[in-house]
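Thanks for coming, everyone. Please take a look at the screen before I start.

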Amino acid sequence: MSQGPRSGLAAVSSALLAMSRHLEVRDVLKTIVASARELLDAQYAALGVPDDHGGFAQFVVDGVSDEQWKAIGPLPRQHGILAAMLQEAEVERLADVRKDPRFEGWPSAHPDMSDFLGLPIRDGDEVIGALFLANKNCPKPEGSCGFTEEDEDLLGILAQHAAIALTNARLYERSRELTIAEERSRLAHELHDAVSQKLFSLRLTAQAATALIDRDPARAKGELHQVAALAAEAADELRAAVVELRPAALDEDGLVATLRTQIQVLDRAHTARVTFAGRGVKALPSAQEEAVLRVAQEALHNALRHSGAEHVDVTLDRRAGGAVLRITDDGGGFDPKAIRRAGRHLGLVSMRDRASGVGGTLTVESAPGKGTVIEMEVPGG
């Protein structure tokens with residue numbers, strides 16, 4: 001990500017502005033790390049957000065390729081120098097991290113590091129992260145170079161603003177969660193108002209048919225026809241209520257941001273790992289965006305509630321003239337033909353209706369024990 005060292009007030013201002021542009025926590029973390037590595041001209045930078053179990057809820061690196069990062073393995077634990085920064089809230093500036101008595105080694109695929117500068121990110125008295133850099137880019141004859149006191153001061157300034165940016169991002173995500181909860185409540189009230197009267201009439205008519213079935217079968221048959229008609233009307237009103245309730249987040253944030261936020265909430269709420277990647281899709285027509293969101297919600301509900309999946313991956317990619325939504329899970333899977341024969345559909349009918357209603361298509365690939373892939377393609381991107 002970095003393109004070389006930068007210095008001076010303009011570079012610091014650029015880094016702080018970059019941090020303030022992002023509202024998603026992950027994006028803020030990436031920007032902090034990239035800015036720190038560029039400003040202090042280091043080979044490596046990382047930022048860890050601690051969890052409550054001796055590990056890290058999030059850990060972002062810069063200067064390490066995706067292949068290297070995968071080869072390194074699981075996220076680090078809170079031990080050694082990382083633990084000292086988090087627990088003692090002290091700056092750590094070392095000429096050679098490998099010679100520190102607290103150093104406990106690293107995985108075989110981990111890059112070799114020597115000079116080290118790390119400090120906690122604090123929100124008041126709370127330590128909300130640990131930011132560190134390694135291997136300053138400069139000639140290193142034995143015992144010289146490395147990070148300076150000026151570097152430490154600069155990183156301290158960056159960390160103060162990073163705390164503000166990270167706190168703001170967390171507040172934003174919390175507000176989005178509350179918006180989702182409010183919308184769910186609003187939907188419940190809307191659906192109740194829309195169909196409750198029809199359902200009440202349906203119940204009374206069914207009771208009348210039951211009372212007439214023995215003494216007046218002809219009238220009972222008429223009442224049953226009325227039951228069917230009322231049920232159809234209730235279904236129509238229910239469908240209309242759902243369709244008309246366009247999520248407010250779509251208008252405010254757009255499809256990609258809304259999907260990302262909702263999936264982050266689901267990831268925290270469920271034991272399964274839920275991830276999202278949006279690539280190249282900027283905006284779709286209003287109807288297409290809502291259809292994509294609703295299909296994603298239905299597919300995620302199935303995967304998280306019924307499949308037993310450990311991982312659910314959602315992607316939204318640009319495709320010539322439109323976009324493609326793909327939801328993949330590693331759950332128990334099912335036989336789509338058997339589902340149809342049994343009169344069940346797991347929401348597949350409504351998902352296909354939504355896709356076709358905006359000129360799109362929906363495909364489902366699944367088999368028992370093989371997980372499920374749902375793909376929706378829509379025009380208009």
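Is helix 4 largely enclosed by the rest of the structure, or largely open, and why? Helix 4 is largely enclosed, because 7 of its 9 residues are buried. Buried means under 20% relative accessible area, exposed means over 50%, and partly exposed lies in between, with a 1.4 Å probe and protein chains only. Helices here are DSSP runs of H or I with at least four residues, strands are E runs of at least two, and both are numbered from the N terminus.

A word on the source. This is a predicted model, where local features need pLDDT of at least 70 and side-chain atom pairs count only at pLDDT 80 or more, while totals for chains, interfaces and linings use all residues. Residues are numbered from 1 along each chain as its sequence is written, and side-chain values use heavy atoms, with hydrogens and water left out.

Back to helix 4. Its buried residues are Gly80, Ile81, Leu82, Ala83, Ala84, Met85 and Leu86. They pack against strand 1, strand 2 (56–62), strand 3, strand 4 (116–123) and strand 5 (126–136). Contact means heavy atoms within 4.5 Å. After helix 4 comes Ala89, with a positive phi near 55°. Ala89 sits in the loop between helix 4 (80–88) and strand 3 (92–94).

Most residues other than glycine have a negative phi. Asp41 is another residue with a positive value, near 55°, and it is not a glycine. Look for Asp41 in the loop between helix 2 (25–40) and strand 1 (42–50). Asp41 is buried, at 16% relative accessible area.

Now the whole chain. It has 11 helices and 10 strands. Of its 381 residues, 43% count as buried. Take contacts between residues at least 6 apart in sequence: 64% of them join residues at least 24 apart.

Next, the cores. A nonpolar core is a set of buried Ala, Val, Leu, Ile, Met, Phe, Trp, Tyr and Cys residues joined through side-chain atoms within 4.5 Å. The largest one has 36 residues. Those with the most contacts inside it are Leu255, Val292, Val312, Leu316, Leu325, Leu362 and Met376. Elements giving two or more residues to this core include helix 8 (255–269), helix 9 (286–306) and strand 7 (311–319). Helix 9 gives the largest share, 9 residues. A second, separate core has 28 residues, among them Val25, Val28, Ala42 and Ala165.

Pick out Val312. Leaving aside neighbours within four places in sequence, its contacts include Val274, Leu300, Leu304 and Ile327.

Stay with helix 8 for a moment. Gln262 is in this helix. Gln262 counts as buried, at 17% relative accessibility. From Gln262 to Leu293 is 31 residues in sequence and 9.8 Å in space, C-alpha to C-alpha.

Last, the largest pocket. How much space lies in it? About 1,800 Å³. A pocket is an open set of points on a 1 Å grid over the protein atoms alone, where a 1.4 Å probe fits, with protein on both sides within 12 Å along at least five of seven lines; lining residues have an atom within 4 Å of a point. The volume is the space filled by probe spheres set on the points. Of the 49 lining residues, the closest to the centre are Arg26, Ala57, Gln58, Asp267 and Arg273. Elements supplying at least two lining residues each include helix 2, helix 5 (149–212) and helix 8.
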